[in-house]
Every structure is written in structure tokens, then in C-alpha cells.
Amino acid sequence: MNNKFYTGGIFLDIQKAFDRVWHDGLIYKLIQLNFPKYLINILKSFLENRTLKVVIHGETSNTGVIKAGTSQGSVLSPILYSIFTSDFPSHPRTITCLFADDSAVLAQGTTIKYILRTLQSFLVSLEEWLTKWRIAVNTDKTKAIIFRKGCTNYNPVNLELFDEPIKIIVNAPWFIRNSVIHSDLQTESVEDNIQELSRKFFTGIIDHPNNLIADQTDYTEFNGRYRYPYAMTKWSLPLKPP
């Protein structure tokens with residue numbers, strides 16, 4: 001941005017990411033990645049022979065076989081998803097950023113038209129990869145953003161994924177203050193949240209049966225508004241000899 005380049009990004013929303021991990025496709029990739037055979041067999045045993053039934057108003061459906069998805073809450077699920085998406089398509093003029101089921105693709109150039117051509121070229125290869133591995137993208141929640149210092153009057157044509165338009169946000173600032181994010185989303189700041197948790201903690205231990213815990217309230221000050229304000233906690237008091 002210091003060189004007044006445009007930076008464009010596509011932020012993908014994968015539909016039910018962990019639920020779309022195709023078992024046969026995952027096993028195939030494990031083999032291609034030369035995982036030990038014993039480990040592949042363990043993972044096959046972990047994934048296979050899962051069934052489901054649906055019960056509505058006392059009526060039960062036929063038993064279905066689950067051929068995709070990882071166990072909810074399992075520590076293995078994010079790892080298996082990362083393996084399944086390890087061959088996420090790349091492009092010579094883009095940067096791909098992946099973290100669990102969050103995906104972003106960035107491109108940089110001197111003109112918006114160049115960036116859009118580059119990103120659209122990437123989306124073409126992405127369509128093939130998504131179709132091959134049975135992964136779905138929510139195009140309504142997938143967005144593209146053009147970042148640049150200053151403003152432009154250019155109104156770009158939307159990008160497309162599976163013939164669905166991807167909305168493009170232009171003139172996005174290169175940074176947004178935390179105060180603006182908290183105000184727009186109507187969420188409290190981290191500092192306010194910690195202060196509230198701290199007040200609840202100190203208030204709750206006043207009558208604790210363990211004197212060592214109850215005495216922790218002696219290390220706080222009253223600031224005229226809150227009895228136990230986190231910001232006024234005397235963590236820096238020097239230790240006194242017994």
C-alpha cells in the first residue's frame with residue numbers, strides 16, 4: 001500500500017466445512033501424502049460405519065450411512081479438515097491464507113482491473129477443485145474487498161463463482177480501529193469484558209470459606225464507582241516479609 005498499489009482479497013465462506021469432509025476423498029489424500037498404512041487404517045476405522053436416523057413426532061426414518069463429515073468436538077476434526085484441504089488451489093499471482101475453515105485469497109496490482117482478472121482466474125480453478133472434492137461455498141457470505149489508501153470512483157464488475165456474483169467492497173481503509181468495530185458490532189471491548197469478569201470474581205469471593213481466597217479482595221482499591229475495578233488492582237505492590 002505504501003507504493004499505492006491496490007490489494008484485492010476474496011474471503012471465502014465454506015458451507016458446513018467440517019461436515020463436508022468426504023471420507024473417501026480424505027483417505028485418498030492420506031495415501032497420496034504417504035501416511036503410514038497403520039495410521040490410515042486407524043483413521044478409516046474412526047470415520048467409517050457411522051449411521052444416522054431422523055425422528056420426527058415419533059416417526060423414525062430409515063438408517064442412512066454417513067459418507068462425509070468429521071465428529072463434532074473431536075480434536076481430530078480440524079486436523080483432518082486441514083489435510084483434506086491441503087491441496088487448496090494456488091495461483092502464481094495470488095497469496096492464499098488458510099486457517100482451519102477460514103480461507104482468504106489476496107492479489108496486488110497497480111489497477112483494479114488487473115486484480116479482478118487475477119482473482120477471477122483463481123476462482124475458475126477454485127470451481128474445479130470444489131466440484132472435484134465435493135465442497136460447497138456460500139456465495140452469499142463470500143465477499144471481495146479492494147484495499148487502497150485514498151478513494152477511487154471506479155465501480156468494478158462483480159466477480160463470479162459458479163455463475164453467482166460475489167459482492168465487491170471498494171475503498172476499504174487499510175485499517176479499522178477497534179473502537180469502530182466494537183461500536184458497529186455493538187460488542188464490548190476486551191478491556192471492558194475483563195473488567196466485568198474481574199468484578200464478578202472479586203464480588204463472588206468476599207464470603208468464600210477459604211480465607212486465602214477471600215483475602216484477595218484486600219489487593220483491590222475502590223475508585224469511587226466500582227468496589228473491585230480490575231484496572232485498579234494492585235498487582236505491583238511490593239512483597240512484604242512475613
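Let me start with the side chain of Thr142: one of its polar atoms lies 3.1 Å from the backbone nitrogen of Asp13. That is a polar contact, meaning a pair of N or O atoms within 3.5 Å, where within protein one must be able to donate a hydrogen and the other to accept it, and residues adjacent in sequence count only if both atoms are side-chain atoms. This is a predicted model, in which local features need pLDDT of at least 70 and side-chain atom pairs count only at pLDDT 80 or more, while totals for chains, interfaces and linings use all residues. Residues are numbered from 1 along each chain as its sequence is written, and side-chain values use heavy atoms, with hydrogens and water left out.

Thr142 sits in the loop between helix H4 (112–132) and strand S8 (143–147). Helices (H or I, at least four residues) and strands (E, at least two) are DSSP runs, numbered from the N terminus. Is Thr142 buried or exposed? Thr142 counts as buried because its relative accessibility is 0%; buried means under 20% relative accessible area, exposed over 50%, partly exposed in between, with a 1.4 Å probe and protein chains only. Leaving aside neighbours within four places in sequence, its contacts include Ile10, Phe11, Leu12 and Asp13, and also Val137, Ile166 and Lys167. Contact means heavy atoms within 4.5 Å.

Next, helix H3, residues 76–84. Its buried residues are Ser77, Leu80, Tyr81, Ile83 and Phe84. They cover an arc of only 160 degrees around the axis, so they lie on the same side of H3. The arc is that of the directions from the helix axis to the C-beta atoms. Helix H1 (23–32), helix H2 (37–47) and H4 are among what covers these buried residues.

Now two residues with positive phi, neither of them glycine. Lys16, in the loop between strand S1 (6–13) and H1, has phi near 45 degrees. Lys16 is exposed, at 63% relative accessible area. For His57 phi is about 50 degrees, and this residue lies in the loop between S3 and strand S4 (59–60). His57 is exposed as well, at 81%.

Strand S3 (residues 55–56) holds Ile56, which is exposed with a relative accessible area of 51%.

Finally, the whole chain. How many helices and strands does the protein chain have? There are seven helices and eleven strands. Of the 242 residues, 31% are buried. Among contacts between residues at least 6 apart in sequence, 65% join residues at least 24 apart.
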